[in-house]
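Open the model in your viewer and keep the selection panel at hand. The tour below moves from one selection to the next.

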Amino acid sequence: MLTRRRFATLSVAALASSAWARTAAALDLRAFGAVGDGTTDDGPALSRALAAASESGAPLTVPPGRYLIASPVGRAAPGDPRPALRGGRIEIVGAGADRTTLLGPPVESRAAGVDPVSRALLRMVGVERAHIRDLTLDGGVGAAERRAANGFSADDASALLEIDGAADVRLERVTTTRNRHIRLRDDRTGRLIGRSGPVLVIDSSNVRVVDCASVYPSFTEGWWIFDCRGVAVERFRHVGPERFNPAATTSPLNIFGPRTEDVTVRGCDVRNALGSSLNLGGRGRFRVVDNRFYGVIAAEGGAPGRAAARPHDGAFGKGIDLGAEHQEDYFPDHPPMRDVEISGNRFENLFSYSVGITKTAACPLTGLVFRDNEIVHGFRGLMLRGVNDAQIAGCGFRRIVRYEGADRRAFGLTMSVEQCRGVTVENTTLDGSERPRLGTLGEGVSDVGLMISRSDDVRLTGNRFRDFDSYQLLADVGPEDDLRHGGFAVLENAFEATPGEKYQPIAMRLGRSDARRLARVTVRGNRFAPELKDRASVFSG
């Protein structure tokens with residue numbers, strides 16, 4: 001029988017034990033034989049030190065130095081031959097990212113004709129807590145010029161840091177650099193899970209990433225947070241190359257997976273990513289607020305050293321890509337997504353698009369708030385597909401241009417809404433009046449301000465359209481015939497023009513013709529510049 005006195009005694013003992021774990025004296029890596037000279041293999045010392053730290057609950061301090069980790073850290077387990085730290089609580093504290101480095105020598109990939117790839121430094125499986133701060137993870141790859149081939153196994157391209165199944169993850173002031181990774185298959189299930197970068201956090205909860213960075217030279221892939229719940233990324237930083245390198249990091253930050261939910265990305269600064277600056281996907285409840293995403297658009301012929309046969313080489317980089325879970329058949333059973341907020345962000349100089357939300361009818365996004373974002377100087381602004389119940393408000397689109405290469409010309413779109421239902425756009429400016437010159441990339445503003453296709457129940461209120469080459473507002477029925485789509489309200493918008501321009505765009509066209517018209521259209525209270533008075537048409541029934 002548990003008496004009151006016995007309960008009190010046990011409670012005091014439990015509290016004392018917990019307090020001891022929190023205040024246990026820190027362990028020093030050098031006390032376990034580490035040297036930190038960059039040439040001696042400190043892997044065995046790190047393995048011993050982390051085993052002791054995990055057992056005692058004490059933090060492990062890593063003094064200034066460059067610690068070469070050439071030997072596996074941890075142990076294998078039945079069904080999982082890759083060495084790992086298993087269970088317990090892990091806390092690693094460096095002396096600062098500029099003073100403490102864990103260095104992993106690269107390995108030659110088994111794939112022919114592929115540059116070297118990075119090997120694992122630390123792998124943690126099923127730990128209760130994984131806290132790491134104030135150090136650099138260096139993959140040892142100084143240069144890479146070729147894209148990696150698909151199909152690597154984990155032996156070829158393991159993450160520098162992999163955390164699998166942790167209850168509490170906190171990464172603070174951790175920098176990754178000189179890394180090269182790509183992995184498409186989960187070793188345990190054989191299932192495609194996507195690419196792995198220098199940091200891979202899988203199936204974990206309470207994940208916090210604060211003041212961390214990915215620094216060029218870094219190649220192929222960025223940080224991955226996959227199938228995690230309760231994720232907060234704050235002030236993450238990535239700086240890519242100023243010149244085009246096809247092997248550079250494509251996507252610095254990737255957060256998705258069928259079970260990913262409750263995600264906040266705030267205050268990040270991502271520059272010069274080769275592909276998407278931020279990849280997102282999951283069940284829902286995502287907030288992306290107050291971030292900055294920058295790409296490269298070179299003026300007057302593009303940056304030096306680029307092949308003329310690649311007309312897009314004067315520009316690279318995307319902003320937010322939401323819908324990547326459908327690419328390459330990674331997640332055929334991915335659930336629909338709900339509740340995404342993208343607010344207060346700035347997107348600048350981004351090739352391809354600034355924000356692409358490309359869902360499907362079978363797996364839509366329901367509930368999007370896109371508010372107070374600024375999109376400046378890119379080839380496309382916002383693309384929506386397969387989105388229901390979206391609110392776009394208070395945004396600004398400026399200097400969105402069309403791409404004109406030596407061998408092709410892409411249709412320029414500032415904003416597009418395709419296969420969506422229940423979209424409101426209000427108090428937003430789509431301004432095509434600035435006409436920047438892009439050298440070999442061509443010149444000229446976007447062809448269309450806002451294009452709506454195969455969508456229903458769209459409301460446009462209080463917006464400002466100004467100067468586009470073809471249409472300021474274009475709503476089409478798509479390839480289907482009469483009255484399949486509609487429910488449009490175009491209310492109290494301003495359609496402006498630059499006086500004296502020889503050619504003026506069509507202000508508004510809703511529907512295509514009397515035979516291809518929209519259902520249920522309301523147009524009221526809109527203001528047209530004198531040059532555009534007769535350049536609006538509505539086909540509805």
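**Stop 1: a strand and its neighbours**

Select strand β42 (residues 471-476) together with β45: the two run parallel and pair over 4 bridges. Bear in mind that this is a predicted model. Within this pairing, leucine 473 has methionine 508 of β45 as its bridge partner.

Now keep β45 (residues 506-510) and look at its cover. Of its 5 residues, 4 are buried, so the strand is mostly covered.

**Stop 2**

Go back to leucine 473 and show its surroundings. Which residues does leucine 473 touch, leaving out those up to four places away in sequence? The contacts include Leu450, Ile452, Leu460, Phe465, Val490 and Phe495. Ala507, Met508, Arg509 and Leu510 are also among them.

Zoom out to the largest nonpolar core, which has 99 residues. Met124, Leu171, Val233 and Leu473 touch the most other members. Helix α2 (residues 43-56) gives this core its largest share, 5 residues. Apart from it lies another core, of 6 residues, including Ala159, Leu200, Trp224 and Phe226. In soluble globular proteins, nonpolar side chains tend to be buried together.

**Stop 2: aromatic pairs**

The whole count comes to 5 aromatic pairs. Select tryptophan 223 and phenylalanine 236. Their ring centres are 5.4 Å apart and their planes stand at 75°, so this pair is edge-to-face. Tryptophan 223 belongs to strand β16 (residues 223-226), while phenylalanine 236 sits in the loop between β17 and β18; the pair therefore ties together parts 13 residues apart in sequence. Tryptophan 223 is buried at 1% relative accessibility. Phenylalanine 236 is buried too, with a relative accessible area of 1%.

Next, pick phenylalanine 465 and phenylalanine 495. These rings are stacked, 4.9 Å centre to centre with 5° between the planes. Phenylalanine 465 lies in strand β41 (residues 464-466) and phenylalanine 495 in strand β44 (residues 494-496), so the pair links parts 30 residues apart in sequence. Phenylalanine 465 counts as buried at 1% relative accessibility. Phenylalanine 495 is buried, also at 1%.

**Stop 3: salt bridges**

A search of the whole structure finds 30 salt bridges. Start with arginine 66 and aspartate 138, whose closest N and O atoms are 3.7 Å apart. Arginine 66 is in strand β4 (residues 65-68) and aspartate 138 in strand β10 (residues 129-138), so the bridge ties together parts 72 residues apart in sequence.

Move to arginine 266 and aspartate 290, which meet in a salt bridge at 3.9 Å, N to O. Strand β20 (residues 261-266) holds arginine 266, and the loop between β23 and β24 holds aspartate 290, so parts 24 residues apart in sequence are joined.

Then select aspartate 269 and arginine 271: their closest N and O atoms lie 2.6 Å apart. Both are partly exposed, aspartate 269 at 22% and arginine 271 at 33%. For a network, select Glu91, Arg133, Asp134, Arg170, Glu172 and Arg173, joined by salt bridges that share partners.

Methods
Residues are numbered from 1 along each chain as its sequence is written. This is a predicted model: local features need pLDDT of at least 70, side-chain atom pairs count only at pLDDT 80 or more; totals for chains, interfaces and linings use all residues. Side-chain values use heavy atoms; hydrogens and water are left out. Buried means under 20% relative accessible area, exposed over 50%, partly exposed in between (1.4 Å probe, protein chains only). Two strands pair if DSSP finds at least two bridges between them. A nonpolar core is a set of buried Ala, Val, Leu, Ile, Met, Phe, Trp, Tyr and Cys residues joined through side-chain atoms within 4.5 Å. Contact means heavy atoms within 4.5 Å. A salt bridge is a side-chain nitrogen of Lys or Arg within 4 Å of a carboxyl oxygen of Asp or Glu. Rings of Phe, Tyr and Trp (its six-membered ring) pair if their centres lie within 6.5 Å; planes under 30 degrees apart count as stacked, over 60 as edge-to-face and the rest as tilted.
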